[in-house]
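Hi everyone, thanks for making time.

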Amino acid sequence: MNWLYDSVEPRVMDEDMLKLAVGEQGPRDEAGQLARQEGIVFKDVLSLRLDFQNILRIDSLWQFENLRKLQLDNNIIEKIEGLERLVHLVWLDLSFNNIEAIEGLDTLVNLEDLSLFNNRISKIDSLDALVKLQVLSLGNNEISHMMNIIYLRRFKDLRTLSLSGNPIAEEEDYKMFICAYLPDLVYLDFRRIDDHMKELAEIKHQYGIDELKQRENLSQAQLDDERAQREELEEHKAAFVERLNGSFLFDSMYAEDVEGNKLAHLPGVSELLQAYKDKFVIICLNIFEYGLKQQEMRKVELDTFNECVQEAIQENREQGKRRIAKFEEAHLLSLNAIRDESEVTNLEMKVAEHSKDITELFDMLMTLEMQLVEQLEETINTFERNIMDLVALFIENVQSLMAQCRDLENHHHEKLLEISINTLEKILKGELDENLPYDVRAVSTLFVDKDTIVNAVGTSHDLHLLKIDNREDELVTRTNSWCSHLVDAIHKDEIMRNRRRVKEIHQYVDHVQNELDNLECSEIID
Amino acid sequence: MEVLKEKVEEEEEAEREEAAVRAERGEKVVRPMEVRREEAPMTQEMLRDLERKLSDTEMAIPEKLSTFTKDTIAISKLPLSYQSNTLKEEHLLQVADSFSRQYSHLCPDRVPLFLHPLNECEVPKFVSTTIRPTLMPYPELYNWDSCAQFVSDFLSMVPLPDPLKPPSHLYSPTTVLKYQEGNCFDFSTLLCSMLLGAGYDAYCVNGYGSQDMCQMDLTRDVCPLTVKHQEVVQEEEKVPPKKYAVKPPRDLTSRFQQEQETKKQEEIKAEEERRLREEEERLLDVEKAKTDPLHGLRVHSWVLVLSGKREVPESFFIDPFTAHSYSTQDDHFLGIESLWNHKNYWVNMQDCWNCCKDLVFDLGDPVRWEYLLLGTEKSHLSLTEEEEDGLNDDDDVENLGKEDEDKSFDMPPSWVEQIEISPEAFETRCPNGKKVIQYKRAKLEKWAPYLNSNGLVCRLTTYEDLECTKTLEIKEWFQNREDMLELKHIDKSTGLNVDYFKPGHPQALRVHSYKSMQPETDRIMEFYDRARVDGLVKREETSKTMTEYYRGRSDFLFYRHVSFGDRVKKLSLNSAESNPRPIVKITERFARNPEQPADEDVAERVFLISEERIQLRYHCRDDHITASKREFLRRSEVDNKGNKIVMTPDMCISFEVEPMEHTKKLLCQYEAMMKLKNEEKLSRHQAWESELEVLEILKLREEEEEEHRLTISIYDTKRNEKSKEYREAMERVMHEEHLRQVEAPLDYLAPFLAQLPPSEKMTRWQAMRVKDECLSDFKQRLIDKANLIQARFEKETQELQKKQQWYQENQVTLTVEDEDLYLSYCSQAMFRIRILEQRLNRHKELAPLKYLALEEKLYKDPRLVEFMKVFV
């Protein structure tokens with residue numbers, strides 16, 4: 001290995017080398033001849049072998065987009081790189097190189113077989129993306145720590161592993177450890193693991209495995225929980241009422257409200273606040289439930305619409321297919337007839353007749369398409385109207401509920417103001433000084449004069465209203481934008497569909513016409 | 001004046017039909033409408049007059065065909081209960097007599113009751129006691145329909161001696177079963193016994209039936225097997241139009257024209273219908289039987305099953321002859337005189353002017369039904385019946401016992417022996433295992449399984465005309481066939497044969513319809529596709545084509561059509577086998593393979609072999625209406641100059657829905673073509689193999705038809721020869737083993753006879769020699785034995801002497817243990833010596849005797865005896 005590195009000049013992976021390799025490994029015989037005639041495009045190559053080429057650096061492989069199998073063994077590569085574009089790669093052989101770390105494999109999600117035999121790797125990692133990995137060869141490396149094995153537990157499909165020739169393979173517990181921690185493994189170091197061995201290993205490392213499993217399960221459960229929560233939130237977001245199923249809005253109102261928090265310590269305010277919160281939360285819950293219900297309704301509406309549109313399109317498509325099938329039969333017959341016809345006048349007549357048929361088919365298909373377009377347009381308009389109405393109703397109702405929130409806030413504000421002024425008066429009169437709790441004393445800076453306290457209460461009130469308004473605005477804008485997006489998308493889809501179909505019809509008719517023309521030409525030439 | 005007019009009428013009537021006379025005389029309540037109008041007073045003279053006339057005209061009574069008359073029944077072998085009456089029965093008969101007297105006093109215009117006919121031993125027995133409720137041990141006989149079918153199959157019908165009177169004799173069900181013959185009363189008694197045993201609320205009915213029913217004439221009935229199941233057309237639920245369903249395109253045709261058109265259509269249809277109806281009526285007229293002169297007078301007996309028990313939802317009649325069930329309103333039943341079960345006897349007091357349609361079967365109503373015995377169940381009005389029923393079911397016996405005390409009398413137990421049907425008889429079913437029923441335009445023949453060697457169990461022949469001369473079609477049902485043939489359907493009008501198979505045919509055949517067994521003719525074979533590796537469902541053949549349908553294949557092929565050309569005549573001699581028809585065209589269709597994109601998934605592949613072209617049609621994409629196509633001109637690889645032809649762009653014409661880069665390439669096309677070439681070869685091979693398979697199946701079918709072997713269940717211990725043989729062999733082996741253990745005979749001459757030259761008759765000299773040799777050998781053996789014993793004896797003695805010597809020499813130095821050892825040895829040796837001595841003596845005594853015995857034996861040996869005799 002190393003003497004190569006020392007003595008031989010490393011080569012560069014350039015176009016010529018690749019072409020040569022492709023040419024050599026490409027099709028043979030007649031096919032090869034054809035291939036040479038046309039030239040091979042790198043994109044079409046499925047497998048490539050580049051061994052014993054003294055390659056130092058992987059390069060210029062970005063064109064091989066569809067490559068399934070790549071062999072780069074017995075080179076002097078030091079770093080895995082330049083493989084990012086080869087996402088279809090299933091088999092990668094990098095054995096007998098000078099690689100020191102596993103890297104640059106994050107895009108190769110389809111990789112099933114990876115060979116890194118005889119390199120200088122000391123740690124197994126950066127393989128997270130390789131979820132389909134089945135065969136991993138890491139023999140003759142410098143892996144020295146057993147804990148690397150545990151990393152391999154995440155590959156559920158891993159069946160074959162080779163680690164011989166590593167420092168860890170020298171350890172007496174090596175085999176048992178691997179068998180215990182990778183129970184799905186079938187072959188280790190090119191040998192089948194027998195069941196007896198597995199059992200022994202399992203018994204030996206039972207405690208360790210149990211503990212590990214427990215940890216894994218816990219983290220898995222946590223992940224699941226998080227995902228469920230995220231999904232729920234997404235769902236609520238889709239209904240535009242996220243976080244309204246609790247006191248989140250209310251809490252956020254008081255989160256930045258310094259004065260409000262201070263005022264809450266006034267006597268009687270806490271009870272007031274509690275009552276206010278309860279009422280507020282109830283309204284929020286109402287909004288939330290209403291939102292979910294509305295979302296359900298919108299979904300049903302949308303589903304019905306999609307279903308109907310799909311049905312209409314399908315039916316139209318069936319009709320079109322039937323027409324084409326019918327035409328094709330006639331087409332074949334008349335082509336044969338034309339082919340067999342020798343009389344020139346008859347020939348011309350038949351050709352003319354057939355072209356008429358083709359035009360007719362074209363007209364028919366286009367009529368069908370136009371009909372569908374009209375039908376769909378009408379339906380889409382109806383749907384648009386309905387969904388707009390639904391959204392408008394939703395917004396209206398939410399707004400009225402929000403208005404209730406505001407009323408509550410106003411009411412609360414009045415009460416608070418009253419209490420504050422009362423308290424201020426009492427303070428000014430010096431009646432309550434002794435009885436005031438310590439907290440109020442802390443906020444006593446507010447109770448200087450009437451303006452201050454009114455201002456403070458007013459600020460708090462304004463802040464609250466602002467929060468409510470913001471939430472409402474957000475909801476309304478998002479709902480509206482969703483609606484307009486949806487309608488736009490539907491229109492766009494319909495237009496695209498129409499374009500595609502028209503193009504298809506044109507293409508087909510052109511093809512048929514071409515066939516006829518070709519026949520005619522050949523006839524005339526004959 | 002009125003009376004006079006009636007008289008005139010009467011006379012005319014009398015001259016025409018004796019039946020009418022009977023009707024007048026009989027004056028029954030039970031009487032259908034037709035005879036009802038003759039209800040008028042009559043003078044004695046007239047009656048006498050009529051009677052005279054009657055005696056002149058002979059009644060056309062069908063002769064009793066019965067072969068089992070009293071004489072043939074071995075009366076003496078019957079149990080005692082058959083030959084005499086118990087006290088209780090006597091009492092019952094008295095009760096019945098008094099009932100009958102009262103009845104005839106109260107209803108003088110009704111026929112006498114059918115109460116106690118004579119049994120086979122000429123002993124009067126009450127009808128209820130003739131019923132013996134029995135539950136059969138066969139699970140098949142648990143339900144009424146199978147029971148009735150069994151009775152109708154098992155017995156052959158004998159008409160009543162007098163169709164207008166109940167019979168004078170009523171035999172026990174056991175006798176009826178034994179002789180497999182009976183009239184309607186025998187039938188219904190047997191059936192009623194079985195149904196009561198199975199828990200049904202069944203009654204024997206004595207009444208009046210239509211002619212067809214009484215004579216078991218089914219020629220006007222449509223055979224139930226020919227009735228096609230009416231396809232229940234499921235009303236398709238009308239889906240309410242969805243909210244966003246697209247509006248249909250505007251209809252621009254003229255509504256007026258449409259209306260006119262529909263009107264015209266309707267007129268034509270009406271015309272057609274009228275014509276059809278007329279035709280039908282005409283046909284019906286032809287088929288309708290001439291009216292029966294004895295209508296309403298023919299006595300019949302059948303079974304009534306009342307609702308309630310065994311979850312019977314509604315009361316119904318069973319005709320025991322045909323095993324058909326009828327509603328109680330059916331036209332065939334013209335009146336009921338009385339009915340009975342094993343517990344009681346009821347007389348119908350309701351008017352039967354409208355057949356049985358108005359009868360109420362509430363036996364607890366004493367106004368409608370006059371009961372004979374008080375105090376059995378049903379003696380309550382139906383108001384309380386339901387609760388009573390439940391109770392009575394459970395504790396019949398108890399109830400009966402109780403009622404005995406306070407009420408007058410209860411039914412004595414049946415005098416009939418336990419009804420038994422042997423498994424053989426049950427399987428054979430019909431008398432002699434064969435039964436023929438004539439239906440309207442159809443004939444049904446039934447056989448017991450294994451009776452016919454080809455497994456035929458049922459044959460239905462359908463005729464075109466009423467006289468049953470022109471055969472329309474034949475259906476034959478088979479059972480236990482080794483080739484799993486189940487039904488053979490021969491349509492005579494088209495000449496089409498259809499064979500249906502059960503799963504398990506060696507070639508997984510399901511249906512085979514053909515006109516001739518010749519290959520390369522029209523035929524359709526259907527297969528159990530699950531049982532076949534290639535998933536073939538159906539193969540249709542005509543003389544020029546073969547179409548195959550597949551299901552569930554991994555390559556998604558579901559259709560293959562092969563067209564053949566004319567056979568090329570070959571000059572070679574053995575052309576018959578190795579000259580397959582040339583294939584002109586193979587069309588293969590594939591279902592969508594969801595793993596491939598539609599543009600690359602072939603939907604149809606046509607190999608035009610004679611034109612050397614291959615056409616491909618791909619699947620249509622989900623949102624497209626056109627599909628990609630490709631056509632390869634597959635010219636031979638080498639042109640006429642011997643140069644290799646290189647692929648050129650004009651060898652492949654393709655239309656692509658969405659043109660793609662790589663498919664344009666010659667290389668790609670070349671590869672595709674190479675692949676197709678291989679596949680063409682495979683398809684041709686497949687077609688050829690299919691042809692071979694057809695030949696093979698035809699051959700197999702012919703063989704099977706010829707052999708028609710039957711399978712026998714391994715559980716059928718009686719018929720399964722193999723298992724029987726095996727069992728017998730096992731038994732034999734066991735027996736032999738046993739014998740061998742008892743005594744192992746030794747041939748003392750065998751070694752000497754073996755020395756003789758084989759298969760030659762022994763000469764006298766040889767026989768002598770054999771004898772001498774045998775004797776001398778035996779003598780030698782005896783001497784040897786004596787010597788042996790002697791030698792052992794001497795050896796033991798010597799050893800003992802040596803030991804003794806040794807002991808005496810060393811006696812002083814010996815330890816106690818050694819001495820003990822020596823002593824024990826001495827005693828053992830002495831014992832052995834004694835035994836040997838005894839044996840020697842006995843041998844000496846016995847040896848001469850043994851020798852003499854052998855000599856004696858040899859003299860008497862069958863192999864040597866003749867020579868010895870001469871010698872002696």
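Before we start, one definition: two strands pair if DSSP finds at least two bridges between them. Strands (E, at least two residues) and helices (H or I, at least four) are DSSP runs, numbered from the N terminus. This is a predicted model, where local features need pLDDT of at least 70, side-chain atom pairs count only at pLDDT 80 or more, and totals for chains, interfaces and linings use all residues. Residues are numbered from 1 along each chain as its sequence is written, chains are lettered from A and ligands numbered from 1 in the order in which they are written, and side-chain values use heavy atoms, leaving out hydrogens and water.

Okay, chain A. Eight strands make an open sheet here, in the order β1-β2-β3-β4-β5-β6-β7-β8, with mixed pairing. At the edges you find β1 (47-49) and β8 (191-192) of chain A, each with a single partner strand, so one side of each has no neighbour in the sheet. Zoom in on β2 (69-71) and β3 (91-93) of chain A: they run parallel, joined by three bridges. In that pair, L70(A) sits opposite L92(A).

Now chain B. Its open sheet has seven strands, ordered β6-β5-β4-β3-β7-β8-β9, and the pairing is antiparallel. Which strands are at the edges? They're β6 (324-327) and β9 (369-371) of chain B, each pairing on one side only. Between β3 (201-209) and β7 (333-340) of chain B there are six bridges, and G209(B) has F333(B) as its bridge partner.

My favourite bit is helix α6 of chain B, residues 87-106. With 20 residues, α6(B) reaches 28 Å from first C-alpha to last, close to the 28 Å expected (1.5 Å times one less than the number of residues). Which of its residues are buried, meaning under 20% relative accessible area with a 1.4 Å probe, protein chains only? They are E89(B), L92(B), L93(B), A96(B), F99(B) and Y103(B). These cover an arc of only 125° around the axis, which puts them on the same side of α6(B); the arc is taken from the directions from the helix axis to the C-beta atoms. In general, an α-helix has 3.6 residues a turn, so residues three or four places apart point the same way. On the other side of α6(B), L87(B), Q94(B), R101(B) and H105(B) are exposed, that is, over 50%. The buried residues of α6(B) pack against α7 (127-130), β7, β8 (345-348) and β9 of chain B, with contact meaning heavy atoms within 4.5 Å.
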